[in-house]
Amino acid sequence: ITSLNSQINTAQNEVNQAQSDYDKALNDYNSIMSPLDQAKKNLADFEAKYTTDLNRLETGSKGYFDSIGVGASTDRIFDKNSSNAAKAGLASYTNMGQKDDATSLENMQASIAYLKECNEIRKKEGLSELKVSAWLMAVAQANANHAKTNIGHAGVYATGENLAWGYGEANTSGSPYRGWYDEEKAEYLAGNHKFSDTGHYQNIVEKQYTVTGFAVGTNGQFSTAHCQEFLDEVTDVNHEVQMTVSEFEQSFNSYYNNLKSVDSQHKALQDALKNASS
């Protein structure tokens with residue numbers, strides 16, 4: 001027994017020494033890993049960790065809608081193979097997530113300022129503020145893309161809709177609200193209540209409307225196209241999220257800034273790999 005215990009102790013010491021040797025060898029290997037191997041590993045580890053975010057960088061508004069759980073309903077708006085010919089036709093004008101498309105994250109972010117301006121107008125008129133409907137945001141994007149090459153309403157969805165071409169930034173002399181609201185209100189107060197002449201103003205101040213969506217399509221055939229949708233309620237939509245403008249701004253900017261951060265880090269790691277390869 002004494003002899004066997006001695007052998008056990010000797011064997012355990014050998015195991016401990018082997019583990020120590022292994023740990024040292026691994027540490028030495030990691031410390032002498034070439035800059036190229038290390039750059040490859042860093043990039044691969046990052047891409048594995050942020051696969052979802054990296055994939056969403058190219059999906060524009062679809063990625064955001066998916067992130068808040070409404071993709072099942074908004075995807076149908078952009079379905080170019082829809083069995084409904086009118087909806088498929090409207091969807092054909094969208095290039096999801098591409099530069100200047102209304103679904104680009106940059107243009108979606110730009111829509112927030114117009115949503116704010118609209119609610120400031122409604123507050124001034126003594127009206128309740130409109131909430132942002134995710135479904136109406138998608139409808140507005142589809143219609144804004146259509147408006148980039150067409151002067152007129154597509155008329156696919158039953159909503160109140162304001163369109164404008166060639167206007168500029170929100171809260172400036174070039175804002176579409178200068179025409180939709182300022183000019184048409186003056187005409188309305190002067191006695192012209194024809195919807196064909198003052199309908200944009202009437203949509204903005206309609207008491208029954210509770211939700212809205214806004215989209216901006218840049219560099220279209222007729223310069224920038226602005227589109228705003230209005231409804232009293234969203235019906236027949238299984239997946240819908242509604243937020244105040246402030247809640248939408250916080251939600252979208254959090255999503256957008258996170259993706260921009262991931263994109264920036266990813267590009268830095270790609271550059272590091274390129275430099276190491278050189």
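Leaving aside its neighbours within four places in sequence, Phe65 is in contact (heavy atoms within 4.5 Å) with Val70, Gly71, Thr74, Phe78, Met108, Ala134, Met137, Ala138 and Gln141. The model is a predicted one, in which local features need pLDDT of at least 70 and side-chain atom pairs count only at pLDDT 80 or more, whereas totals for chains, interfaces and linings use all residues. Residues are numbered from 1 along each chain as its sequence is written, and side-chain values use heavy atoms, with hydrogens and water left out.

Phe65 also belongs to the largest nonpolar core, a set of 51 residues in which Phe65, Trp135, Ile204 and Phe248 touch the most other members; such a core consists of buried Ala, Val, Leu, Ile, Met, Phe, Trp, Tyr and Cys residues joined through side-chain atoms within 4.5 Å. Buried here means under 20% relative accessible area, with exposed over 50% and partly exposed in between (1.4 Å probe, protein chains only). Among the elements that give two or more residues to this core are helix 4 (61–67), helix 8 (134–147), helix 10 (195–204) and strand 3 (211–220), where helices (H or I, at least four residues) and strands (E, at least two) are DSSP runs numbered from the N terminus. A second, separate core of 8 residues includes Ala102, Ala140, Ala147 and Leu163. In soluble globular proteins, nonpolar side chains tend to be buried together.

Not counting residues up to four places away in sequence, Ser111 touches Met137, Phe214, Ala215 and Val216.

Leu115 is likewise found in helix 7 and counts as buried at 2% relative accessibility. Apart from neighbours within four places in sequence, the contacts of Leu115 are Val132, Met137, Thr212, Gly213, Phe214, Val245 and Phe248. Leu115 and Ala170 are separated by 55 residues in sequence, and their C-alpha atoms are 8.9 Å apart in space.

## Strand pairing

Strands are taken to pair if DSSP finds at least two bridges between them. Strand 3 and strand 4 run antiparallel and are joined by 8 bridges; they form a hairpin with 2 residues between them, and the bridge partner of Val216 in strand 4 is His226.

Strand 4 (residues 223–231) also pairs with strand 2, in the antiparallel sense and over 6 bridges, and Trp165 stands opposite Ala225 in strand 4. Because 5 of the 6 residues of strand 2 (residues 160–165) are buried, strand 2 is largely enclosed by the rest of the structure.

## Packing of helix 2 against helix 11

Helix 2 (residues 35–49) and helix 11 pack at an angle of about 160°, with their axes 8 Å apart; axes are lines fitted to C-alpha atoms, for helices over the stretch in contact, and angles run from 0 to 180 degrees between N-to-C directions. The two helices, helix 2 and helix 11, are therefore roughly antiparallel to each other, given that angles under 35 degrees count as roughly parallel, over 145 as roughly antiparallel, 65 to 115 as roughly perpendicular and the rest as oblique.

Residues that make the contact include Leu36, Leu43 and Phe46 of helix 2, together with Val262, Leu269 and Leu273 of helix 11.
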